[in-house]
Amino acid sequence: MGNMTVRFYGRLAEACGPTAEIPLEAQSCTIAELRNIIGQRFPDMATDLTGPSVRAAVADVMVPDDRSVSPGTEVEFFPIVSGG
Amino acid sequence: MATQARLTDDVIRPDLLLQELLAAATGAGAIVNFCGLVRPEDHEGRKIEALRLDHHPRLTLRSLETIAQDGAERFGLSTCLVVHRFGRIEPGATVVFVGAAALHRRAAFMGADYLMDRLKSEAMFWKKEEGAAGGQWIEPTNEDRADLLRWGN
């Protein structure tokens, strides 16, 4: 149905690359479902991606796992911040 | 200047920032400044070649601005400056500068202390210590979290 653009930071960016295009078979999915889809593509990071320590954001705002997103939306995934 | 946060990939010159702070802090009776440097060794004594700070193009600066604003309001700082570097930084170089100006010294000391405790846990950076044996990503320590609790955060 289209591609989701996802962006990674920190250890996730190192493992998955800074961005990835994720094909989506449905018209939309939840953030939780997107985490699982990305985890299948990057199995080494699946535990991190599906765990509570990685937060998701859309348009610079943190979003919960039940938030629905559709192709064309950019979703960002943040590991725990290190602080300054 | 009043309250300001800056994000840079350039060398931080604390001497110039202190001059700037002194010029801006008219009416203040005290200025406290703090420089955070990249340590030459990690917690286990291994040599660090560089500290790498990844950042977000918008949210990182926003996190610095929020912390600076909170510190200025909480301690009545007349001038508050937070400057943070990102990218690859070698040991000995300044990674963060904090300046707090207030009418009296106690507020300036506490303001700078508060700003650094918030920055150490909440500033939106992802840090990696790079050494000869590879590297390791850094997360806030229990000590960092305990420091934050001192302020009721």
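In which order do the four strands of the open sheet in chain B follow one another, and is their pairing parallel or antiparallel? The views below take up this question for a predicted model, beginning with the chain as a whole.

View 1. Taken along the principal axes, the box filled by the C-alpha atoms of chain B is roughly 50 × 35 × 30 Å. A compact globule of 153 residues would have a radius of gyration near 15 Å, and the value for chain B, 15 Å, therefore agrees with that expectation. Of the 153 residues in chain B, 39% count as buried, and among the contacts that join residues at least 6 apart in sequence, 75% link residues at least 24 apart.

**View 2. The open sheet of chain B.** Four strands of chain B make up this open sheet, in the order S5-S3-S7-S8, and their pairing is antiparallel. Its edge strands are S5 (87-89) and S8 (134-138) of chain B, each of which pairs on one side only. On average, and with direction ignored, neighbouring strands of the sheet are turned by 25 degrees against each other. As a general point, strands of a sheet pair through backbone hydrogen bonds, in either a parallel or an antiparallel manner.

**View 3. Strands S7 and S8 of chain B, seen as a pair.** Strand S7 of chain B, which covers residues 125-131, pairs with S8(B) in the antiparallel sense, and five bridges connect the two. Within this view, B:Glu130 can be found opposite B:Gly135, a residue of S8(B).

**View 4. The side of chain B that touches chain A.** Here 20 residues of chain B are in contact with 11 residues of chain A. The elements of chain B that give two or more residues to this side are helix H3 (105-122), S7 and S8, and the largest share, four residues, comes from H3(B). Sorted by class, the side of chain B that touches chain A has 10 nonpolar, three polar and seven charged residues.

**View 5. Confidence of the prediction.** The average pLDDT of chain B is 94, and 99% of its residues score at least 70. For the complex, the predictor gives an ipTM of 0.90 and a pTM of 0.92.

Terms used
Residues numbered from 1 in each chain as written. Chains lettered and ligands numbered in written order. Predicted model: local features only at pLDDT ≥ 70, side-chain atom pairs only at ≥ 80, totals over all residues. Pairing = 2+ DSSP bridges. Axes fitted to C-alpha atoms, helices over the stretch in contact; angles between N-to-C directions. pLDDT = per-residue confidence, 0-100. Contact = placed C-beta atoms within 7 Å. Nonpolar A, V, L, I, M, F, W, Y, C, P; charged D, E, K, R; others polar. Rg over C-alpha atoms; globule rule 2.2 N^0.38 Å. Buried ≥ 20, exposed ≤ 12 C-beta atoms within 10 Å, placed from the backbone.
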